[in-house]
Amino acid sequence: MAGKQKHTRTKNQLKMGEVKVLGSWSSPYGLRVQWALGLKSVEYEYIDEDLLNKSQMLLKYNPVHKKIPVLVHNGKPIAESAVILEYIEETWPQPHPLLPKDPYERAMVRFWINFLDNKDKVAPFITFFIGVGEEHKKAVNEAKELLKLYEEQVLGEKKYFGGEEIGMLDLAMGWMAYFGVIEEIVDVKILDAETFPRLHAWIQNFRAHPVIKNNLPDHDRLLQNYTEKRQRFLAYSPHTENA
Amino acid sequence: MAVVKLFGAWLSPYVYKVIWALKLKGIPYEYIEEDLSNKSPLLLQYNPIHKKVPVLVHDGKPIYESTVILRYIDEIWPQNPLLPANPYDRAVALFWIKFADDKNPIIAKLYRTEGEEQQAVVKEWLEMLEAMEEHALIGGKKFFGGDEINMVDIAFCMVAHWLGVFEDTAGLKVFEPHKFPQVSSWIQNFKSVPIIKDNLPDTDKIVAYLKRRKEMLLTSKSN
């Protein structure tokens with residue numbers, strides 16, 4: 001087995017060419033790409049973008065959205081994390097395939113990634129972070145409903161969303177792996193072990209995986225950075241209630 | 001031979017995307033028209049979470065979301081491929097498909113918003129048209145798919161056919177053809193493709209329906 005892995009790794013090194021990732025240290029969309037490359041033992045150069053001061057390189061490689069992540073393979077750029085993940089899977093199918101073989105199961109993975117990335121499905125979690133009052137209460141309820149859906153309909157009894165191994169949908173759900181920091185800052189817990197035992201177990205397993213463990217944003221840095229971010233939003237928000 | 005069923009609604013661009021894909025590949029299917037104000041138990045059984053059309057049912061298994069359906073169709077029936085074979089070109093195609101998919105729900109609001117909200121929708125339309133003109137339709141190709149239409153052309157169908165409908169319903173002009181020559185050419189080319197031309201909903205019928213719907217929405221808002 002070790003011999004086979006070594007052969008595959010060499011194959012990937014030959015196929016690799018030049019791989020660059022433009023990302024941001026705390027962005028779950030950028031991390032998805034890094035995790036995928038890590039799982040497939042593809043070496044890449046990581047370029048951290050300051051999103052308040054975007055590089056010329058980023059503007060050149062993603063002129064339409066000017067956003068991270070961008071994967072650049074042999075000088076050719078690809079934007080949109082979900083699209084990048086599919087490209088990575090096609091270019092380096094082994095080791096660690098990220099999609100099931102069966103076309104129907106693949107359709108289900110694509111459906112759920114599309115679902116959870118939808119603006120309307122992300123919004124409650126953002127409002128949970130920076131909202132106040134009634135708006136916040138509503139967001140808590142909506143977020144819990146989504147988490148219930150993910151726990152019961154999507155994860156079910158499986159260890160990972162991908163089954164026995166981490167798959168593309170696990171990477172897309174990776175934001176949950178450090179959602180605890182957001183809860184710490186807001187001082188409200190919604191993803192608790194009692195209400196969502198399976199998601200809670202998934203988070204533990206996901207975070208423990210060697211590739212993921214080595215590519216998670218630093219807790220203290222997140223705490224400081226996101227606390228500041230939240231304070232800025234609350235200061236400028238027209239909806240802020242004076243305490 | 002496995003049965004393919006498609007649950008749809010006569011005016012939905014998302015449904016037409018699937019119809020065109022099935023016809024381009026010569027796949028026979030059973031079409032079930034849904035009254036969106038009175039959804040059938042069968043639709044609700046197949047799509048309990050979203051209760052939306054289109055839903056494709058193949059071998060008794062339901063698939064939802066038009067782009068997910070199109071990719072599934074392309075994988076199961078590879079004839080007349082809807083995506084490029086080369087992985088990089090495929091990634092570029094998927095980028096533009098996602099771009100169109102993200103814009104579609106917003107731009108559809110043109111006819112049922114007013115004032116500032118409507119202005120914001122107009123801005124989204126113009127951004128989309130500019131991106132198509134400046135970035136997507138490079139190289140003077142006839143279609144996004146080259147000489148034949150592909151999934152990207154299909155993804156931008158709202159621009160080709162439904163934009164005019166929304167403009168008529170809203171009484172507002174957004175698209176100025178002389179400002180977007182490449183997009184204008186593409187629209188002509190796309191609507192000339194026989195399978196598209198022969199499978200488009202009647203614009204007058206949609207405008208009449210949307211005007212009625214808009215009136216209902218405004219009435220319920222003012223009550």
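Over all chains the count comes to 24 salt bridges, a salt bridge being a side-chain nitrogen of Lys or Arg within 4 Å of a carboxyl oxygen of Asp or Glu. This is a predicted model, in which local features need pLDDT of at least 70 and side-chain atom pairs count only at pLDDT 80 or more, while totals for chains, interfaces and linings use all residues. Residues are numbered from 1 along each chain as its sequence is written, chains are lettered from A and ligands numbered from 1 in the order in which they are written, and side-chain values use heavy atoms, with hydrogens and water left out.

**Salt bridges within a chain**

- A:Asp117 and A:Arg32 form a salt bridge whose closest N and O atoms are 2.6 Å apart. Because A:Asp117 lies in helix α5 (residues 103-117) of chain A and A:Arg32 in helix α2 of chain A, the pair ties together parts that are 85 residues apart in sequence; helices (H or I, at least four residues) and strands (E, at least two) are DSSP runs, numbered from the N terminus.
- Both A:Asp117 and A:Arg32 are buried, where buried means under 20% relative accessible area, exposed over 50%, and partly exposed in between (1.4 Å probe, protein chains only).
- In chain B, B:Glu30 forms a salt bridge with B:Lys5, with the closest N and O atoms 3.6 Å apart. B:Glu30 lies in strand β2 (residues 30-33) of chain B and B:Lys5 in strand β1 (residues 4-8) of chain B, so this pair ties together parts that are 25 residues apart in sequence.
- B:Glu30 is partly exposed, with a relative accessible area of 38%, and B:Lys5 also counts as partly exposed, at 22% relative accessibility.
- B:Lys179 forms a salt bridge with B:Glu176, the closest N and O atoms being 3.1 Å apart, and B:Glu176 is partly exposed, with a relative accessible area of 33%.

**Domains of chain A**

- Chain A is divided into domain 1 (17-89) and domain 2 (101-234), with bounds that come from an automatic or database domain assignment.
- The centres of domain 1 of chain A and domain 2 of chain A, taken over C-alpha atoms, are separated by 21 Å. The contact (heavy atoms within 4.5 Å) takes 17 residues from domain 1 of chain A and 24 residues from domain 2 of chain A.
- Between them, domain 1 of chain A and domain 2 of chain A bury about 1,700 Å², 66% of it on carbon and sulfur atoms; buried area is the accessible area (1.4 Å probe) that two parts lose on being put together, summed over both.
- Two salt bridges are found across the interface of domain 1 of chain A and domain 2 of chain A. A:Arg110 forms a salt bridge with A:Glu86, with the closest N and O atoms 2.8 Å apart.

**Domains of chain B**

- Chain B is divided into domain 1 (4-76) and domain 2 (87-221), and 21 Å separate the centres of domain 1 of chain B and domain 2 of chain B, taken over C-alpha atoms.
- The area buried between domain 1 of chain B and domain 2 of chain B is about 1,700 Å², of which carbon and sulfur atoms give 79%. B:Trp10, B:Leu11 and B:Trp20 supply 37% of the area that domain 1 of chain B buries against domain 2 of chain B, more than any other three residues.
- Across the interface of domain 1 of chain B and domain 2 of chain B there is one salt bridge.

**Contact between the chains**

- Chain B gives 23 residues to the contact and chain A gives 26 residues, and the area buried between chain B and chain A is about 2,400 Å², with 70% from carbon and sulfur atoms. In chain B, B:Glu75, B:Tyr88 and B:Phe95 lose the most area to chain A, together 25% of what that side buries.
- Five salt bridges are found across the interface of chain B and chain A. B:Arg71 forms a salt bridge with A:Glu86, the closest N and O atoms being 2.9 Å apart.
- A network of salt bridges links A:Glu86, A:Arg106, A:Arg110, B:Arg71 and B:Glu75.
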